[in-house]
Amino acid sequence: MCNNKVPQRSYSEENTNLPKQLPLVGLGCSSFSSFFSSEDSNDELTVDTVSREHPAVIDWIKTIRHAVLHRGINLLDTAPWYGHGVSETVVGYALDTILSDEGCDQAQQRTRNGSLARSDLIINTKVGRYEADVLKQFDFSYETTIKSVQRSLERMNCSYIDVIQLHDPEFAPSISILLTETIPALLECRRRGWARALGLTGYPLDVQHEILVKAASEFNTMVFDQSLVYCHNNIHDNSLFSEYCFPSERAATDTFAGFCQHSNINLMAAAPLSMGLLTHSGPPAWHPAPTVLKEACVKASKLCASEGINLSSLAILYSLSH
């Protein structure tokens, strides 16, 4: 075992739904699919064809095992959307080699040959966003949410998920459907023991804030234990900590980070490389950033290279410094 492990930090003791500690750095699992792959053969991987024997899957399992067993990264964040089921399946394959049978879903036939206890890992996934087909991509209904959580448990061979997160709710037809369908389903999943805590993920900070406030009002409690945001704690965008007018009870003007802190919502900042923007190889073709930002990142990459600096390392150091 390597001693160069990621340090841990404490969660709020006031929130008993969340683990008491998590690593300073977690492992985002969207890349364990064809989402960021440059290999044509990986494009053929689907949830129906993926297997442990595929060369890419073998490498992905090795990466997950190295992160967990040799780097102390005990938080894995995946979603049905990532590879449309491939990422969750690959994470499940890796967990079968990392975890012991303790905590294994008894309904599954897969056995585990690892030694780590389930309680030593934090496994998070999401609901709400699913298929590549635009007509089937989003579904925030009660029934689909329940079925999605059950499917995630089966894919990852787990009896519970640490944090079930509402994925990209900015694309929901209305906040009303979240309040009447999705959130009640999430609460039911927590009641049944399928989830320990509930989270919210998405890009627009104002939309997340609105959902958090309205859900708290609707259910007379702060429903969500955690918020995950992405691309807002980066060299080109630090709006997570910038002043923004939120109509919160504590302050008329607040940052989103400040709002989460005084609302006892644990905040996670994802995508320190801005989904590939802050890399020398550049982002995937589907990246939604405007052309001007992509061009600026290419210039930054060339400038760093001319000075012998790795842009990705610099981007990660920037995010960790905040």
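## Confidence of the model

Among the elements of the protein chain, helix H4 (residues 175-191) has the highest mean pLDDT, at 98, while strand E1 (residues 8-10) has the lowest, at 63. The structure is a predicted model. Over the protein chain the pLDDT averages 89, and 87% of the residues score at least 70.

## Nonpolar cores

The largest nonpolar core holds 61 residues, and those with the most contacts inside this core are Ile64, Val90, Leu95 and Phe224. Helix H1 (residues 55-71) is the element that gives the most to this core, contributing eight residues. There is also a second, separate core of seven residues, including Leu277, Leu278, Cys304 and Leu311. In soluble globular proteins, nonpolar side chains tend to be buried together.

Leu95 can be described through its partners. Apart from neighbours within four places in sequence, Leu95 is in contact with Leu76, Arg112, Leu121, Ile123, Met156 and Cys158. Of these partners, Arg112 also takes part in a salt bridge, with Asp96.

Leu27 belongs to strand E3 (residues 27-28). Its relative accessible area is 15%, so Leu27 counts as buried, the cut-off for buried being under 20%.

Which residues does Leu27 touch, not counting residues up to four places away in sequence? They are Phe32, Ile64, Ala67, Ile73, Leu75, Leu76 and Asp77. For one of them, Ile64, the C-alpha atom is separated from that of Leu27 by 8.1 Å, with the two residues 37 residues apart along the chain. Ile64 is also among the residues with the most contacts inside the largest nonpolar core.

## Salt bridges between parts of the chain

The structure holds twelve salt bridges. One of them is formed by Arg155 and Glu88, whose closest N and O atoms are 2.9 Å apart. This pair links distant parts of the chain: Arg155 is in helix H3 (residues 142-156) and Glu88 is in helix H2 (residues 86-98), 67 residues apart. Both partners count as buried, because the relative accessibility is 15% for Arg155 and 0% for Glu88.

Asp96 and Arg112 also meet through their side chains in a salt bridge, with an N to O distance of 3.8 Å. Asp96 lies in helix H2 and Arg112 in the loop between H2 and strand E5 (122-127), so this pair ties together parts that are 16 residues apart in sequence. Asp96 and Arg112 are both buried.

Arg191 forms a salt bridge with Glu188, and the closest N and O atoms are 2.6 Å apart. What separates Arg191 and Glu188 in helix H4? The two are three residues apart in the helix, which means a separation of about one helical turn. Arg191 is exposed, with a relative accessible area of 62%, whereas Glu188 is buried, at 15%.

Some salt bridges share partners, and these join Arg52, Asp96, Arg110 and Arg112 into one network.

## Cysteines

How many disulfides does the structure contain? The count comes to zero, where a disulfide requires a pair of cysteine sulfur atoms within 2.5 Å. Cys231 counts as buried because its relative accessibility is 5%. Cys260 is buried as well, with a relative accessible area of 1%.

Definitions and conventions:
Residues are numbered from 1 along each chain as its sequence is written. This is a predicted model: local features need pLDDT of at least 70, side-chain atom pairs count only at pLDDT 80 or more; totals for chains, interfaces and linings use all residues. Side-chain values use heavy atoms; hydrogens and water are left out. Buried means under 20% relative accessible area, exposed over 50%, partly exposed in between (1.4 Å probe, protein chains only). A nonpolar core is a set of buried Ala, Val, Leu, Ile, Met, Phe, Trp, Tyr and Cys residues joined through side-chain atoms within 4.5 Å. Helices (H or I, at least four residues) and strands (E, at least two) are DSSP runs, numbered from the N terminus. Contact means heavy atoms within 4.5 Å. pLDDT is the predictor's confidence in each residue, from 0 to 100. A salt bridge is a side-chain nitrogen of Lys or Arg within 4 Å of a carboxyl oxygen of Asp or Glu.
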